[in-house]
Amino acid sequence: MSRKAVFPGSFDPITKGHESVINRACDLFDEIYVAIGINTNKKYLFELEDRKKWIASTFAGNPKIKVLTYDILTSELCKSLGAKYILRGLRNTSDFNFEFSIAQTNRALVPGTETIFLVTDIEYAAINSSIVRDIYIHGGDIKQFIPDAITI
Ligand code: ADP
């Protein structure tokens with residue numbers, strides 16, 4: 001049976017941290033759905049279509065990676081895709097505290113769902129999309145923080 005994982009997030013924008021987690025997860029899964037969540041209560045900096053395009057370009061040539069957008073519960077998305085696994089990255093204990101309850105809740109909602117955490121590589125631990133957005137808004141150069149394959 002094909003091992004499918006969903007990697008949910010805002011990817012506003014995708015960073016080298018996300019890229020690294022997804023590439024490492026390719027050893028674990030047959031298919032990875034990079035799923036951009038649409039939350040009407042959340043303000044995003046970059047357009048959804050751009051965020052989607054940047055993810056697709058980053059993984060062009062990797063048949064395991066698919067990109068999609070969704071506006072339902074992550075657990076429901078997993079169910080509809082037949083994906084048993086949710087992939088998340090952990091940078092620090094704040095990530096852990098937040099992720100812990102979400103993972104338990106997703107499992108309560110759709111029993112059998114397993115959240116798999118990959119601990120970030122040390123070189124990417126400080127990278128997060130919100131800092132990248134701040135640098136971008138203030139006219140700084142974000143090149144070193146985003147995948148080499150894309151230009152924003
Ligand atoms: P959210 O919208 O849920 O905050 P993000 O788009 O910021 O999500 O991130 C999606 C996932 O990628 C989360 O599991 C997050 O912990 C992980 N992630 C983000 N940045 C990094 C990084 N630098 N290294 C490892 N994982 C990361």
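Let's start with what surrounds the ligand. The shell holds 17 residues, and those that come nearest are Ser10, Gly89, Thr120, Tyr124 and Ile127. Near here requires a heavy atom of the residue within 4 Å of the molecule. This is a predicted model, so local features need pLDDT of at least 70, side-chain atom pairs count only at pLDDT 80 or more, and totals for chains, interfaces and linings use all residues. Numbering runs from 1 along each chain as its sequence is written, and side-chain values use heavy atoms, with hydrogens and water left out.

What classes make up the shell around the ligand? Six residues are nonpolar, six polar and five charged. Nonpolar covers Ala, Val, Leu, Ile, Met, Phe, Trp, Tyr, Cys and Pro; charged covers Asp, Glu, Lys and Arg; the others, Gly among them, are polar.

Next, the side chains that reach the ligand. Threonine 120 has a side-chain N or O atom 2.9 Å from a ligand nitrogen. For arginine 88, a side-chain N or O atom is 3.1 Å from a ligand oxygen. For lysine 42, that distance to a ligand oxygen is 3.5 Å. On its own the ligand has 550 Å² of accessible area, and the protein covers 87% of this. That area comes from the Shrake-Rupley method with a 1.4 Å probe.

Now the secondary structure. β1 (4-9), α1 (16-25), β4 (85-90) and α4 (93-109) each give the shell at least two residues. Helices (H or I, at least four residues) and strands (E, at least two) are DSSP runs, numbered from the N terminus.

Where does the ligand sit? It sits in the largest pocket. Sitting there means that more than half of its atoms lie within 2 Å of the pocket's grid points. A pocket is found on a 1 Å grid over the protein atoms alone: an open set of points where a 1.4 Å probe fits, with protein on both sides within 12 Å along at least five of seven lines; lining residues have an atom within 4 Å of a point.

The largest pocket holds about 1200 Å³ of space. That volume is the space filled by probe spheres set on the points, which are joined across faces, edges and corners. Its lining counts 43 residues, with Pro8, Gly9, Ser10, Lys42 and Arg88 nearest the centre. α4 gives the largest share, nine residues.

Last stop: the loop between β1 and α1. Phenylalanine 11 lies there. Its phi is near 50 degrees, a positive value in a residue other than glycine. Proline 13 is in that loop too. A cis peptide bond joins aspartate 12 to proline 13, with omega about 0 degrees.

Technical notes: A polar contact is a pair of N or O atoms within 3.5 Å; within protein, one must be able to donate a hydrogen and the other to accept it, and residues adjacent in sequence count only if both atoms are side-chain atoms.
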